[in-house]
Amino acid sequence: MLHLVNTSPFESSDLESAAKYSAKDSPILLFEDGIYAAQAGTAMEGRVKEIMGDHPIYALKADLEARGISNIIDGITEVDYTGFVELVEQHKTASW
Amino acid sequence: MIVFRTAPYGTIYAFEGLENVLIMGAYDQDISVLFIDDGIYAIKDGMNTEGTGIKNFSPTFRALEAYDIEKVYVDKESLEARGLSVDDLVIEPEIIDASQVAQMMEDQKNFFIF
Amino acid sequence: MKFGILILEGPYQHEASDSAYQFAKAAVEKGHEILRVFFYQDGVLNSTKLMEPQADDRHVQKMWSQFAADTGTEFIVCVAAAKRRGINDDVIADGFKIGGLGMLTELAIEADRVVTFRA
């Protein structure tokens, strides 16, 4: 199951719920305002790194660029929309 | 699987999610319904929406059984976090924990969160 | 693969419809088939031809209508959600059709994947 998270971790519990209600190793894709969780140096970084212990995390390039976020946490993989489609080829999806 | 994750009235997500469940129930499919996070508030008892002018749709959840939707679950932690128990709900879902939710998700083909 | 797309938010207020559009375009470019885009909740508002964004902005309805024309993808606007929001046959644009919520269930059955774009 691919977990789609599109809200900022500073205002929504979507990322936490995706992490809590998901099987280990299931990937999380951050897009839209969800990409703010991918930024390095925020108060969320420690928590995001913990989640990365159980889930590979991807972040959508178009939404990162649109918001001027370039310093992302090491280990988060940037994908373009083609990469988004490839993740969906590999996994069913849940949109939080 | 249809998941209720949003409280009622403040937004329409839960109500239209319920409409979707009732339609899906008319198809001969293996459907389950799950309440997590604020979705639990959609089935809380004792609602009186008169002062808001919005229709109280919580009684409709009691009709799930009539639509042959028998797999109805609620997340234990979400209930506890909100100081509620199954006695506070208009229906009696089976209580499951987060790891069971995760397993169910993996077993389902489709997953709609409202 | 056969994909289905469910859109739950209206245009401009939220990025959901834009993301769904970019995803749908990338999926078709990769050779996938979009069986149906289903517009539900405020998503039904994407279908109105009455929207008039400023000239320097994207036109969400026209983007979708063009996509339907180019790919033959079926767009269904949920009748119950549409009625609630003043969307009917008089206002829906080319490429969109009003249909029952059952068509979402059928999409869930027929598609290999359904991806929801929401708030």
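Buried means under 20% relative accessible area. The model used in these exercises is predicted.

**Exercise 1.** Decide whether Thr105(C) is buried or exposed, then place its surroundings.

*Solution.* 
- Step 1. Locate the residue. Thr105(C) sits in helix H4 of chain C, which covers residues 102–110.
- Step 2. Apply the cut-off. The relative accessible area of Thr105(C) is 3%, so Thr105(C) is buried.
- Step 3. List the contacts. Leaving out residues up to four places away in sequence, Thr105(C) touches Ile23(B), Met24(B) and Tyr27(B).

**Exercise 2.** Check the span of helix H2 of chain C, residues 60–71.

*Solution.* 
- Step 1. Look just past the helix. There, Gly72(C) takes a positive phi of about 75°.

**Exercise 3.** Find which residues of H2(C) are buried and what they pack against.

*Solution.* 
- Step 1. Pick out the buried residues. They are Val60(C), Gln61(C), Met63(C), Trp64(C), Ser65(C), Phe67(C) and Ala68(C).
- Step 2. Recall the helix geometry. An α-helix has 3.6 residues a turn, so residues three or four places apart point the same way.
- Step 3. Name the partners. In chain C, the buried residues of H2(C) pack against strands S1 (2–7), S2 (33–39), S3 (74–78) and S4 (96–99), and against helix H1 (16–29).

**Exercise 4.** Describe the largest pocket and its lining.

*Solution.* 
- Step 1. Give the volume. The largest pocket has about 260 Å³.
- Step 2. Count the lining. It comprises 14 residues; Asp14(A), Arg5(B), Thr6(B), Asp38(B) and Arg118(C) lie nearest the centre of the pocket.
- Step 3. Sort by class. The lining has 6 charged, 4 polar and 4 nonpolar residues.

Technical notes
Residues numbered from 1 in each chain as written. Chains lettered and ligands numbered in written order. Predicted model: local features only at pLDDT ≥ 70, side-chain atom pairs only at ≥ 80, totals over all residues. Heavy atoms only, no water. 1 Å grid on protein atoms, 1.4 Å probe; cavity = no way out; pocket = protein on both sides within 12 Å on 5 of 7 lines; lining within 4 Å. Points joined across faces, edges and corners; volume = space filled by probe spheres on them. Nonpolar A, V, L, I, M, F, W, Y, C, P; charged D, E, K, R; others polar. Helix = DSSP H or I, 4+ residues; strand = E, 2+ residues; numbered from the N terminus. Buried < 20%, exposed > 50% of the residue type's maximum accessible area, 1.4 Å probe, protein only. Contact = heavy atoms within 4.5 Å. Expected span 1.5 Å × (residues − 1).
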